[in-house]
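Take a moment with the sequence and the model before reading on. Try to trace the chain from its start to its end.

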Amino acid sequence: MATTPARLLLLRHPETDWNREGRWQGHSDPPVNARGRAQMAEALASLPPERWAAIYTSDLLRARETADWLGARLDLRPRVSPTLRERRMGDWEGLTPEEARAASPDAYPRVEADPWREPPPGGESFAELLARVAPELERIASRHAGEAVLVVTHGGILKAVLCVLLDLDFTRREELGMANGAQALLESGGRRWTLLKPLSLAARQKRHDLDAQALR
């Protein structure tokens, strides 16, 4: 019997002061700022017209604040998952790219040239990030067959998922435009995934799985 697809809306948390300053946050825990609180309302207004069955969220403050705010308005209690945390940036957390380049002149070019395989010092590569996150997304989808679910998470996760679905080289991840508050609507039946929104990206997708070994 075919699995009834689940729909997962991945929502990037709103802005923090570190976002505004261009600093990598990773597992650090700055809160949403005033602009970010306005983006929460924008996110609510732009949700697809679904009957939302659940909200899952990263345990980091910037995501939990957003999930709590949305949950209060959708009458849902967020389910917290540390697995949905942002990519760990290690020694570069709290730094801008320019500061990271100065602090790690040998490592920085290697990471920029191959972010799929190469982690920041003490951090995670995108392959490691996806290997952590993809099984959790599959578990959420399996629990909610035939339902729509919000997943409040982070920019690195959105970019990792979309690069795989679009067969896009990870060095081009910023071309996806996943700014604070950005959304991506996915559909999954088992381990097979389809990107439904944004439509401009969905039209380009080539892959339909989130296997962390899919790109080498």
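This is a predicted model: local features need pLDDT of at least 70, side-chain atom pairs count only at pLDDT 80 or more; totals for chains, interfaces and linings use all residues.

Residues are numbered from 1 along each chain as its sequence is written, and side-chain values use heavy atoms, with hydrogens and water left out.

Start with the sheet. Helices (H or I, at least four residues) and strands (E, at least two) are DSSP runs, numbered from the N terminus. Two strands pair if DSSP finds at least two bridges between them. Strands of a sheet pair through backbone hydrogen bonds, either parallel or antiparallel. Here, six strands form an open sheet, in the order β3-β2-β4-β1-β5-β6, with mixed pairing. Strands β3 (79-80) and β6 (192-197) stand at the edges. Each has a single partner strand, so one side of each is left without a neighbour in the sheet.

Now look at β4. This strand covers residues 148-153 and is mostly covered, with six of its six residues buried. Buried means under 20% relative accessible area, exposed means over 50%, and partly exposed lies in between (1.4 Å probe, protein chains only). Ala 148, Leu 150 and Val 152 point one way from β4. Val 149, Val 151 and Thr 153 point the other way, and all are buried.

Which strands are joined to β4 by bridges? One is β1 (residues 6-12), which runs parallel to β4 and is joined to it by six bridges. Another is β2 (residues 52-57), also parallel to β4, with five bridges. Leu 11 has Val 152 as its bridge partner in β4. Thr 57 also has Val 152 as its bridge partner there.

Next come the helices. Helix α3 (residues 61-74) lies across β1, β2, β3 and β4, running at about 160° to β2. Helix α7 (residues 155-166) packs on the sheet and touches β1, β4, β5 (183-189) and β6. The direction of α7 makes about 130° with that of β1. Axes are lines fitted to C-alpha atoms, for helices over the stretch in contact, and angles run from 0 to 180 degrees between N-to-C directions. Contact means heavy atoms within 4.5 Å.

Stay with α3 and find Arg 62. Is Arg 62 buried or exposed? Arg 62 is buried, yet has no salt bridge. A salt bridge is a side-chain nitrogen of Lys or Arg within 4 Å of a carboxyl oxygen of Asp or Glu. The nearest side chain of opposite charge, Asp 29, is 4.4 Å away. For charge, Lys and Arg count as positive and Asp and Glu as negative, while His and the chain ends are not counted. The side chain of Arg 62 does make a polar contact of 3.2 Å with that of His 13. A polar atom of the Arg 62 side chain also lies 2.8 Å from the backbone oxygen of Gly 26.

Ala 72 counts as exposed because its relative accessibility is 61%.

Finish in the loops. Asp 75 lies between α3 and β3. Its phi is near 60°, a positive value in a residue other than glycine. Asp 75 is exposed, at 72% relative accessible area. Asp 167 sits in the loop between α7 and β5, with phi near 55°. Asp 167 is partly exposed, at 35%.

Notes
A polar contact is a pair of N or O atoms within 3.5 Å; within protein, one must be able to donate a hydrogen and the other to accept it, and residues adjacent in sequence count only if both atoms are side-chain atoms.
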